[in-house]
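I am opening my notebook on a structure that is new to me. I will jot down what I look up, entry by entry.

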Amino acid sequence: MLALQILIDGFAISALYGLGAIGFTLIFGVSGVLNLSHGGIMVVAAITAWAVAGDLHAGTYIGSAAGIVAGLVMALATYGLVVRPIQRSSVIPRDETEIFVLTGTLLWGIMIQEAIAFFFTTNPITVVPMIGGVVNLAGVRVPNNEIMIAGICWLTIGLLWLLVNRTRAGRVLLAASINPRGLTLLGFELSTVYRSVWMIYGVLAGLAGVLLATFLGARSDNIGQLTASAFSIVVLGGLGSVSGSLIAAYVVGYLETLTAYLVAPTLRTIPALLLLVLVVYLRPQGLLGRR
Amino acid sequence: MTLRTPWRTLVLGAIIVALGFLPLAASAYVLSVLTVAYYFAVYAMSWDLLFGFAGEVNFGPTFLIGLGAYAAGLLNNEGVPLWLCVIAGGVAALAGGVLLAVPALRLRGPYFGLVTLVAVLVLQQIVVIFASVTGGEIGLSVADVLSIDPGPNYWYAYGFMLVCGAILVTLSRSALGLILQASGQDAVEAAALGFNVAKHKMAAFCISAVFSGLAGGMVVFYMGTVSVDSVLDIAVGVQVIIAAVLGGRRTIVGAAFGAVFLILADELLRPLGQLNTFLVAAVALVTILFFPDGFMGLLARPGART
Amino acid sequence: MTAFSPRTDMLEAEPAVHLLPPRLDVSGLTKRFGGLVAVKDLSISIAPGEILGLIGPNGSGKSTAMKLIMGIEKPDAGVVRLDGTDLAGLPTHQIARAGIGIVFQHSRPLHRQTVLENIKLALLPDRLTRIFASRAIHDRAREIAERVGLGAVMQRRPGSLPFADLRRLELARAIARDPRVVLVDEPFAGLTAPELRSFSALIDDFRREGRAVLLVDHNVKGVSALVDRVVAMYLGEKIAEGSAGEVMRDPTVRRVYLGGSLETHVRDSAALQAAPVLLDVDAVSVFYGKAQALETVSLHVREGEFVSVVGLNGAGKSTLFNAISGLVRSTGAISWAGRNLAGLTPAAIARSGIVQCPETRELFGALSVQENLDLGGQHQPVSQTRDRLAWLFELFPILKSRRTQAARTLSGGEQQMLAIARALMMNPRLLILDEPTLGLAPVILEQLSLALGRLRETTPITVLLGEQNVTFALPHADRVYVLEQARIVWEGDPARFAAEAGAAYL
């Protein structure tokens with residue numbers, strides 16, 4: 001049953017894309033930053049999970065946890081070492097800050113990529129899935145891992161939604177994306193808010209990286225492509241819109257899966273790219289974009 | 001920042017003349033590194049014209065370079081003479097420049113940057129899909145080359161860089177350059193002074209594109225091959241940006257220095273293996289954090305900046 | 001010292017009668033931004049050699065009108081005729097080439113070019129093929145630089161120039177275009193008296209050269225000596241037209257600016273005078289780049305007092321409040337309940353009890369009324385917030401009925417009430433209100449006034465109110481400061497204000 005296979009595979013990969021993209025768009029919406037080292041953070045998390053699980057013989061659970069922590073640390077490092085110094089710099093003209101942040105995160109991403117290649121080579125790594133084995137769904141063999149990935153992604157997305165919409169802390173994040181000055185007037189330190197967002201982002205990107213490693217594997221050469229697909233999805237969905245990113249992730253995920261199965265695996269990325277070109281020319285703010 | 005002080009002009013003149021005589025003294029290896037550096041300098045100078053003088057950040061300069069390179073290579077394999085191919089490369093890149101200019105005039109900030117990146121990705125995919133014609137990921141080789149000796153190749157590159165540099169610098173100092181700067185810095189004020197900003201930005205894109213495309217075409221006939229890795233890689237594009245920023249934004253001349261520095265540093269650090277790219281990227285990051293005005297900024301005397 | 005000495009002799013002079021056809025003839029100019037009508041059916045005409053003042057407070061539409069004429073915004077309706085040719089809707093550069101020049105309020109030179117090169121730019125034709133500027137252009141640029149008084153600094157870059165010279169550069173660029181009509185936005189903001197005189201002379205030269213000039217400004221007084229006629233705007237419409245004197249005396253204008261008759265409600269001043277000083281602002285100055293927005297301003301507020309800082313738009317009230325709230329850098333000393341505020345982040349200052357409700361309100365438009373209020377109360381103990389919320393809904397009943405609506409769907413007056421309520425949720429010791437009545441209809445002003453009155457009578461809160469509308473501010477004041485062009489020019493109790501200052505305020 002090819003259709004079912006496509007449906008299930010597409011669902012899992014879209015969920016994974018969605019997780020990564022949501023983190024990316026969260027950072028843009030609240031902190032105003034397009035983090036071009038996004039792929040780097042994901043792969044660092046993946047590699048850490050693999051190294052801890054394998055080399056340190058800690059097993060896959062602890063490995064995965066270590067991977068997520070690595071994501072968190074890398075995100076904070078990106079913020080503290082690259083983004084924040086540029087935003088606060090007295091030597092960089094105010095109207096060029098955005099460009100410098102983009103270039104800075106791009107360079108940082110390259111540094112991460114080369115460092116990983118140096119220490120771990122460019123060979124792909126995979127992390128042993130937490131739940132192994134295969135299950136039979138209506139005639140289609142689905143790895144349990146895929147189901148778990150989809151489940152974890154949606155659980156995380158759900159938790160995030162709860163955080164932002166139902167908790168006081170979450171509402172502060174939402175308010176920060178709408179009007180940072182308003183928050184300052186109400187006595188909230190923006191620096192704390194930004195740090196918190198980057199930490200959440202780190203967890204999301206780390207989790208996405210670890211899951212990716214269990215599903216498709218990860219390697220340092222992939223970093224650019226991971227960043228590219230995250231921002232393609234985010235642009236499609238609308239920069240700053242979390243629900244837009246999620247919808248776009250599914251559009252892209254299914255386009256890729258359909259193309260891989262029905263046309264050719266090497267041409268996977270084409271339809272999404274074409275869609276991106278169309279969107280950029282006809283509706284640059286994306287599906288649900290705010291600006 | 002001007003080079004009007006006689007001291008600086010003399011030094012620059014001396015360097016230019018000295019470098020011209022290099023093939024008489026230097027090894028083939030040194031010459032080949034510098035040849036690549038000179039073409040890179042043209043990439044960087046064209047980028048700086050667009051950024052510094054029209055205020056547009058092109059995150060995918062390899063789109064224009066790649067168009068020029070592939071157009072030149074493909075035509076040559078159809079039997080078109082070398083120099084016509086180079087010119088065709090310039091024309092192909094010009095078309096690409098116009099294509100990029102259209103969304104640029106309607107999009108702000110990060111959106112336009114993304115468009116330029118997307119353009120590179122799309123071109124990469126087109127090259128890969130039509131691999132039978134373009135050679136795909138492996139690339140294409142061309143029959144003609146500029147020369148088989150390092151000396152003449154060096155002079156072609158050097159001369160090309162000097163000519164392009166002279167034209168770009170003159171443009172930047174010209175009345176047109178003044179209008180371009182105004183358009184890039186403050187579009188509303190430029191319009192209030194009677195300038196059609198859209199027209200001038202389009203002009204900036206076209207100029208930047210033509211030089212990038214010509215340089216891409218020249219590189220094909222220097223290396224004898226063209227491939228995604230050499231002219232269409234995002235990483236190459238990033239290096240172009242770093243070169244221009246390291247050298248000093250909005251100076252044109254700075255971009256040339258930055259490019260030469262970058263290529264030389266890359267070569268010097270090659271023994272370190274994997275780490276050389278890391279180091280170069282790290283240096284670039286530190287530079288943009290602490291010395292955003294690059295080499296030219298450091299050279300300018302403190303008082304002269306106001 | 002009185003800063004109010006109306007030059008009645010000048011104001012009573014008959015405006016010159018121009019028999020020439022108008023150079024600039026605007027009629028029916030209209031512009032809508034979404035649901036807001038920024039400019040409504042505006043018609044003005046300026047003859048060659050005439051200087052027309054377009055006056056109005058923030059939000060009156062005068063800046064938008066200027067942008068519409070210059071093509072920076074496209075009008076929804078209306079005609080802009082320059083010597084008979086309709087230019088409405090054309091792109092800015094074509095309007096500029098047709099002969100309309102503009103001097104922006106904020107100087108925006110090219111920073112990497114010299115003064116001379118900046119002026120040369122304005123002389124260049126709109127052609128792609130020009131590589132070298134001709135000798136003639138070079139000479140003309142020098143001539144213009146000399147004319148505006150920049151002869152000595154021609155080769156310097158704008159970054160090294162003082163504020164007044166930057167404004168001269170803007171004038172020079174406008175002159176270079178040889179316009180038939182010149183639009184000048186707030187020509188005198190930030191200038192000292194002698195600089196003002198030389199500027200006025202330069203603008204006067206336009207008159208002698210037969211150009212038509214439109215001066216846009218906040219208040220008539222500043223430009224009265226220069227203009228031939230004045231058009232006053234409010235909420236997008238023309239409300240008065242005539243000589244400067246006639247407009248200043250016009251009852252509609254006075255009501256809109258002052259609000260009407262002046263009343264005071266004085267409280268027990270002895271008790272208030274005995275209260276400790278809560279906020280002490282000592283010789284505070286603020287610079288925005290080169291422009292001085294606040295000049296050694298000193299004031300104090302005692303616990304429990306309601307202090308009003310009155311002044312027209314652009315006088316410096318918002319700058320003063322932003323300096324107190326830590327949102328802009330300032331020199332001088334600001335102390336709060338005895339401790340110096342220097343070094344505290346703006347959020348920390350807000351948490352320490354100084355809560356500002358700024359002119360722009362800074363609401364979270366996409367969030368609901370309830371959510372906005374909740375965020376205001378987030379730093380307070382939960383038990384208190386419930387009571388506070390109930391009290392605020394009683395103070396502003398309309399908010400209760402709209403509590404689930406998104407803040408941006410509220411009307412202007414409702415948004416203002418929400419902004420004040422949200423600030424009050426923070427249980428402030430000092431509430432700073434910046435122009436709460438701006439752009440609001442009289443009915444809403446009534447409600448706001450009532451609410452403010454209740455605050456004054458039933459709570460121990462201290463309030464610092466910045467207002468242009470003196471009629472609104474005076475009944476809620478225990479003491480009054482007058483801020484004019486970055487300086488405190490008057491200080492005293494409300495009764496004295498009504499007697500002394502009120503009449504000449506405009």
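**Entry 1: where chain C meets chain A.** I started with this contact, bearing in mind that the model is predicted. Chain C brings 19 residues to it, and chain A brings 14 residues. I then asked which helices of chain C each supply at least two residues of the side that touches chain A. I found α13 (346-351) and α14 (369-376). The largest share of that side comes from α13(C), with four residues. I also sorted the residues of this side of chain C by class: ten are nonpolar, six are polar and three are charged.

**Entry 2: chain C as a whole.** I looked up the secondary structure next. Chain C holds 20 helices and 20 strands. Along the principal axes, the C-alpha atoms of chain C fill roughly 75 × 50 × 45 Å. I checked burial: 49% of the 506 residues of chain C count as buried. Then I turned to contacts in chain C between residues at least 6 apart in sequence. Of these, 70% join residues at least 24 apart.

**Entry 3: where chain A meets chain B.** Here I wrote down 34 residues from chain A and 29 residues from chain B. On the chain A side, I listed the helices that each supply at least two residues: α3 (59-88), α4 (97-120), α9 (223-237) and α11 (270-282). Which of them gives the largest share? It is α4(A), with 15 residues. By class, this side of chain A has 27 nonpolar residues, five polar and two charged.

**Entry 4: the largest nonpolar core.** I counted 362 residues in this core. Those with the most contacts inside it include Leu16(A) and Ala46(A), Ala41(B), Ala44(B) and Ala259(B), and Leu183(C) and Leu215(C). The helix that gives the most to the core is α2 of chain B (residues 28-54), with 18 residues. Chain C takes part through two domains: domain 1 (20-258) and domain 2 (269-504) each provide at least three residues.

Note on methods:
Residues are numbered from 1 along each chain as its sequence is written. Chains are lettered from A and ligands numbered from 1 in the order in which they are written. This is a predicted model: local features need pLDDT of at least 70, side-chain atom pairs count only at pLDDT 80 or more; totals for chains, interfaces and linings use all residues. Two residues are in contact if their C-beta atoms, placed from the backbone, lie within 7 Å. Ala, Val, Leu, Ile, Met, Phe, Trp, Tyr, Cys and Pro count as nonpolar, Asp, Glu, Lys and Arg as charged, and the others, Gly among them, as polar. A residue is buried if 20 or more other C-beta atoms lie within 10 Å of its own, exposed if 12 or fewer, and partly exposed in between; C-beta atoms are placed from the backbone. A nonpolar core is a set of buried Ala, Val, Leu, Ile, Met, Phe, Trp, Tyr and Cys residues joined through C-beta atoms within 7 Å. Domain bounds come from an automatic or database domain assignment.
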